[in-house]
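Hi everyone, thanks for coming. I'd like to walk you through one structure today, so please have a look at it first.

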Amino acid sequence: MIRQAPSSSSSTSTSTSTLLRRQQQQQQQRPAATSAGGPPPGSSRGRGGVSGLGNAALLLSLAALALVLVPLGWWNHAWLPAPVLLDEAAAGARFSEAVALNHTRILAEEIGFRMTGTVGEILAEQYIIGKLNEYKAIAKTNPNTFPSKPPPARTRTFFVGENVDKIYTNVTNIVVRISCGPACNENALLVNSHYDSQIGTPGATDDALGVFIMNSPLFKNIRAFLNLEAMGNDGKGILFQANARGLVDAYRRVGWKHGSVLSNDVFKIGLINSDTDFRQFVDHGGLVGLDFALYQNSYVYHTIMDTYSAIRPGVCQYIGETVTGLALDLIISAPIETFKMSRDFIYFDLLGLFFFVYDWSTATLLHAALIAVGAYVALQYGFGFARSDRQSAAKRRGGRSAAAVLTTFAAVAMSFIATLLAPAVLGAVFHFVLKTPMTWFKAGWRAMLLYMPTSAFALVGTQILTRGLVPTDPTASVERRLWAGMILLESLLLVIGTGIRFGSSYAVFLHLLCTIAGLALDRLLSFKRNAPFNPLAPIRTESYIVACLPWALLSFFARMAVTLFVPLTGRLGIETPGDIVLGFLAGLIFSVGSLPMMALSGRFSSRGLRRLLTAVAAGALAVAVVMANTFPFDEAHPKRLVIQYTRDYRPSAPKSRALDIADADPACMPLALSHIADALGQPVPAPQPAAARDVTWSPLYPLTRFVGAYTFDISDVPVAAGELPPPRVEVLDSVMNDAKGERTVTLQVYHPHHHWTTLVFNATLTSCLTYPVTAEQPNLTVTLAAVEKDTYQMSQLWEGGGNGGDGRWRWPTAGSGFASGEDLYLAAAVVEVVV
């Protein structure tokens, strides 16, 4: 005889067969509830019958948890240490932000623009050497400080889809060697940064915070390097890239930690079509190193807004203490001469509190073990494969069959994919249909606000559509099966990430760990001796709390993603659909974070889900309407416009003048052009074709492919008083060598009133400097080569030969009259040769 215990949350002694009989009786007694949209068979209302109040209590608990975890991750990303405000004498060996920012103020404000070849660069060089000599005089050791003018140097970078060769001559490197003796000199650590600034910016953070480069006589003793960069002026400096496990181990030992292999993956897959000076040391120097960068508030990057006064207190303290502490650790404790180049490791921080680094071999073992545990927990506690009871095989077959597992997995996977992609679809609507892109540009959180309600709509909607795929027999509740489906989905994602060695799969590992732990905790807390497991009991609140712990990490990732990508969309090009990119990122974060909510939906009837869908749809629509009518730019987050005044002095176009406008994002350009056209009394011009952009905007090459270009003819507009004279170009020498079929030309450009000059020409090459044309590319053709940069005396020589015989363009050696460095930009394409 089976004795039936009372049905309550504290009673678990009822056998499975009795539960089955009781459920059948309840279904017979309450047919109207099911037909009217009540819970389907197999769903649970409390532990044997959860009330609406029980579900409400769980939802309130999760809402309270979100109010703690989400702000925790969001705030932690913005946290900065208190600055040390000591003067140089009081600071001593301690890093002081006040001291460092004083130097930054002098470089960025008192000296100002420091483009290569300008007076500002000379003044910066003199200031830095003067301060270093002061430190040398009071140092206990005897550091060597000397300016270095290396021979012409060449680098090749792959930039925005083009191989770009850069030739530097007569540039000055400032080399500082701090040594404890000859033995220390054998294994040196290089700390590198540039002290020049980009045109149009005082460069307070990019990059007035440090100095050094590669062509030094000391280079042969360098075993590792730390590269300092900036693409913003706020927040924590991030460990951007790393190529040696030993260096990351040292970083883990010192200071504050902020870094993730995610940034390595971003560069690996080409999501950011750019790079830092880190690549030069790796590709051309063969060195191991770490790449640090400021990246928050990237709106100011390479703009006039990158000023000393805009640096938030604590920014310099964070990066300064991190780099100085790391440098000391590496030169005192770490065997840097033994470090080998490798990216076969994973590293990440958890909210800046903990930092982990381990090899891929360890990661593979951890991932495999967790996947195995997840499969066991999902099949036993989600589908009941390992339970024994008195049901017949026929009664068990529906819930425990492979088909039940596959259909449940399919329901979870479809919901996940829809939740992931729905915001990207909304982004496509904003970009292509409504023609209102980037309405979230002023603040990254606006992108999350716009796209996440659409993800929520997709989540609820797919739960309604796929409910029939989840079995509803007494073997387990719908909620429990959906939870098990979550485990299987996350396991599959982890298998894929591990298989392609995607370092950021550690985030999936952590999420899967919490999901498995939640279901296992439910079984542990429900365990009672000599009592069978109740498969229809709802999953405990404690389990949901454990499964939702990754919300803090996801919030941290969300802020990091929008901080990095939202400002980037303002300079990624006019054809880049930033709304789709941000929609996808928002969908990725929400789809992962909402997986526990997918299981929770199993508690609700189809009627309840439809009501929820209506509410979510109304909210998503309201947000979309508001955002569609939001202007994306303001004074602190402006649209980038490049404005160029052109005057043509050729006899064929007697002093015609033009106003050239270029932009690098798809937002609001018609509005900007209409204002300019109204002021000039002209119609809005059509965009220039690509070939015209390459000539008009040659100083921007190869970025010309990303900009939209427009030209207003202002020849009839009165010339402003005090218009500066143009650069003057003189041909000093032109000699043809008939035997070689080569012409050598020497030009002198006098430009006392202009920072930047560009020489544009076409030539077909059989050799490109020291890079020979390979057999695979016998007809390499140069469409554009631009000699850029200024001169100290504002007078500059260009010398070279081309388009005769072998078509070589020859550059002079050091000491041939160049007063500054120059860049030679080469791009391969087929064009008509101009002789």
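This is a predicted model: local features need pLDDT of at least 70, side-chain atom pairs count only at pLDDT 80 or more; totals for chains, interfaces and linings use all residues.

**A walk through the model**

Let's begin with a pair of strands: β11 and β12 (residues 656-663) run antiparallel and are joined by eight bridges. When I say two strands pair, I mean that DSSP finds at least two bridges between them. Helices (H or I, at least four residues) and strands (E, at least two) are DSSP runs, numbered from the N terminus.

Residues are numbered from 1 along each chain as its sequence is written, and side-chain values use heavy atoms, with hydrogens and water left out.

Back to our strands. They belong to an open, antiparallel sheet of three, in the order β11-β12-β13. At the edges sit β11 (641-648) and β13 (708-713), each pairing on one side only. On average, neighbouring strands of this sheet are turned by 20° against each other, direction ignored. Angles run from 0 to 180 degrees between N-to-C directions, with axes fitted as lines to C-alpha atoms, for helices over the stretch in contact. Lying across β11, β12 and β13 is helix α23 (residues 669-680), at about 10° to β13.

Now for another strand. Is β8 (residues 288-296) enclosed or open? Nine of its nine residues are buried, so the rest of the structure largely encloses β8. Buried means under 20% relative accessible area, exposed over 50%, and partly exposed in between (1.4 Å probe, protein chains only). Both faces of β8 are covered, with Val288 and Phe292 among the buried residues on one side and Ala293 and Tyr295 among those on the other.

Who are the partners of β8? Strand β6 (residues 222-230) runs parallel to β8, with seven bridges joining them; there, Ala230 has Leu294 as its bridge partner. Strand β7 (residues 234-242) runs antiparallel to β8, joined by six bridges, and Gln241 is partnered with Asp291.

Finally, a helix: Phe432 is found in α14 (residues 402-433). Phe432 counts as partly exposed because its relative accessibility is 47%.

To zoom out, the protein chain has 24 helices and 22 strands, and 52% of its 835 residues count as buried. Thanks, happy to chat!

How values were computed:
Contact means heavy atoms within 4.5 Å.
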